Amino acid sequence: MKLKDITNGPDWMIWVVFAVFVLITILLLTGHGSNLIAGYNTASQQKREKYNEKKLCRVVGMGMLVITLLILIMAIGQNTLPAAMAYVFGAVTLLDCAVMMILANSICKK
């Protein structure tokens with residue numbers, strides 16, 4: 001069973017998701033997407049001052065880059081990759097989010 005067999009919806013949808021993730025990743029890696037980071041955008045000014053905003057954006061941007069590359073791999077290889085790639089994607093995404101949270105709360109603090 002291939003990844004294509006378990007996907008729903010049109011093929012172009014994954015490319016739209018990929019394009020949105022690329023835009024978000026670029027915004028974060030350039031340090032201009034702090035309003036896209038959940039928790040940081042709703043934090044008080046006092047809590048925001050505890051973090052280095054540029055470092056935080058770059059850490060989250062690198063995490064988003066990993067997810068974006070996985071989406072690209074899945075989009076290109078959906079006819080050849082096994083269906084188990086969906087589980088790999090989920091596991092790597094969860095691990096990536098955990099690493100982002102740990103790094104955001106350690107190296108991004110002033």
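How much space lies in the largest pocket? About 300 Å³ lies there, a pocket being an open set of points on a 1 Å grid over the protein atoms alone where a 1.4 Å probe fits, with protein on both sides within 12 Å along at least five of seven lines. The volume is the space filled by probe spheres set on the points.

The model is predicted: local features need pLDDT of at least 70, side-chain atom pairs count only at pLDDT 80 or more, and totals for chains, interfaces and linings use all residues. Residues are numbered from 1 along each chain as its sequence is written, and side-chain values use heavy atoms, without hydrogens and water.

Begin by selecting I37, A38, Y40, L56 and A104, which lie nearest the centre of the largest pocket among its 15 lining residues; a lining residue has an atom within 4 Å of a point. Next, colour α3 (45-48), α4 (53-76) and α5 (85-104), each of which supplies at least two residues of this lining. The largest share, 4 residues, comes from α5. Helices are DSSP runs (H or I, at least four residues).

Now select W12, M13, V16, V17 and V20, a nonpolar surface patch with about 430 Å² of accessible area together. Within it, V16 belongs to helix α2 (residues 12-29) and is partly exposed because its relative accessibility is 40%; buried means under 20%, exposed over 50%, and partly exposed in between (1.4 Å probe, protein chains only).

Finally, turn to the cysteines. The whole structure holds 0 disulfides, a disulfide being a pair of cysteine sulfur atoms within 2.5 Å. For C57, the nearest cysteine sulfur, that of C108, is 9.0 Å away. C57 counts as buried because its relative accessibility is 0%.

Technical notes: Patch = residues over 30% accessible without salt bridge, like charges linked within 9 Å, V, L, I, M, F, W, Y side chains within 5 Å. Areas by Shrake-Rupley, 256 points an atom, 1.4 Å probe, with all protein chains shown as cover. Salt bridge = Lys/Arg side-chain N within 4 Å of Asp/Glu carboxyl O.
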